[in-house]
Amino acid sequence: MSLPKPAMRGLLAKRLRFHLPIAFGLSLIAAAAFKFGVTEPRKKAYADFYKHYDSMKEFSAMKEAGIFESVRPTGK
Amino acid sequence: MFRAALRLSVSGARSLTRTRPQYTASIAARSYSHGKQETDEEFDARWVTYFNKPDIDAWELRKGMNTLIGYDLVPEPKILEAALRACRRLNDLASAIRILEAVKDKSGPHKEIYPYVLQELQPTLSELGIPTPEELGIDKA
């Protein structure tokens with residue numbers, strides 16, 4: 001039984017031709033998934049928090065709690 | 001080998017089929033766009049001539065083999081035969097057996113290449129009295 005001649009040249013090139021596009025594609029998908037799964041929700045959470053943030057109200061609450069040194073709670 | 005990868009990613013993997021027949025037998029892994037591309041047959045003939053030098057020395061044998069192994073190909077049986085005969089002239093049985101191990105390693109996942117090469121080299125191996133790593137039991141770790 002005589003073995004036929006197999007392909008012996010360009011084996012790495014063939015493998016890369018197949019796997020590199022997949023590697024690039026998967027990397028791009030991973031980056032897109034992180035952007036839309038993590039960074040965009042995070043940015044939205046901050047934006048939503050600050051959209052109706054009343055800084056004076058928060059400051060008064062902190063002042064009454066007595067955490068500041070430069071301004072004491074009312075009545076002290 | 002790495003130049004092959006660079007060539008692919010820069011030119012776009014899709015264009016590879018067009019240039020494939022001439023590309024793969026690289027001339028010393030240089031990819032110029034000028035000058036004639038060496039054919040596979042010319043490449044093989046050049047290497048057979050290299051190893052057929054009657055007064056080849058040990059350094060040239062090692063250099064030749066290391067360069068050859070660096071290419072993206074498994075050397076043709078006729079190149080390997082010339083290399084094995086060079087080992088015989090240099091009384092270097094160790095390198096002869098190592099060449100066989102290198103062929104198996106270069107094949108990577110393509111398990112059909114090594115048996116084919118051994119089949120083609122059988123007459124030369126018998127003539128020169130070179131045992132295969134399998135016969136010596138050194139193919140398993």
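**Close-up views of a predicted two-chain model**

**View 1. A salt bridge in chain A between partly exposed residues.** A:E40 counts as partly exposed, at 27% relative accessibility. A:K35 also counts as partly exposed, at 39%. Their side chains meet in a salt bridge, 3.6 Å from N to O. The model is predicted.

**View 2. A nonpolar surface patch on chain A.** A:Y46, A:F49, A:Y50, A:Y53, A:M62 and A:I67 form the patch. Together they have about 670 Å² of accessible area. Helix α1 (residues 11-51) gives the most, with three residues. A:Y53 sits in the loop between α1 and α2 (55-64). This tyrosine is partly exposed, with a relative accessible area of 34%.

**View 3. An aromatic pair in chain B.** The whole structure holds nine aromatic pairs over all chains. One of them joins B:F43 and B:Y71 edge-to-face, 5.4 Å centre to centre and with 65° between the planes. B:F43 lies in helix α3 (residues 40-52) and B:Y71 in the loop between α4 (58-69) and α5 (77-89), so the pair ties together parts 28 residues apart in sequence. Both residues are buried. B:F43, B:W47, B:Y50, B:F51 and B:Y71 form one aromatic cluster.

**View 4. A salt bridge between chains.** A:R9 pairs with B:E76, the closest N and O atoms being 3.6 Å apart. The pair crosses from the segment before α1 of chain A to the loop between α4 and α5 of chain B. A:R9 and B:E76 are both buried.

**View 5. A salt bridge within chain B.** B:D55 and B:K53 form a salt bridge, with closest N and O atoms 3.9 Å apart. B:D55 is exposed, at 57% relative accessible area, whereas B:K53 is partly exposed, at 33%.

How values were computed:
Residues numbered from 1 in each chain as written. Chains lettered and ligands numbered in written order. Predicted model: local features only at pLDDT ≥ 70, side-chain atom pairs only at ≥ 80, totals over all residues. Heavy atoms only, no water. Patch = residues over 30% accessible without salt bridge, like charges linked within 9 Å, V, L, I, M, F, W, Y side chains within 5 Å. Areas by Shrake-Rupley, 256 points an atom, 1.4 Å probe, with all protein chains shown as cover. Salt bridge = Lys/Arg side-chain N within 4 Å of Asp/Glu carboxyl O. Helix = DSSP H or I, 4+ residues; strand = E, 2+ residues; numbered from the N terminus. Buried < 20%, exposed > 50% of the residue type's maximum accessible area, 1.4 Å probe, protein only. Phe/Tyr/Trp six-rings, centres within 6.5 Å; stacked < 30°, edge-to-face > 60°.
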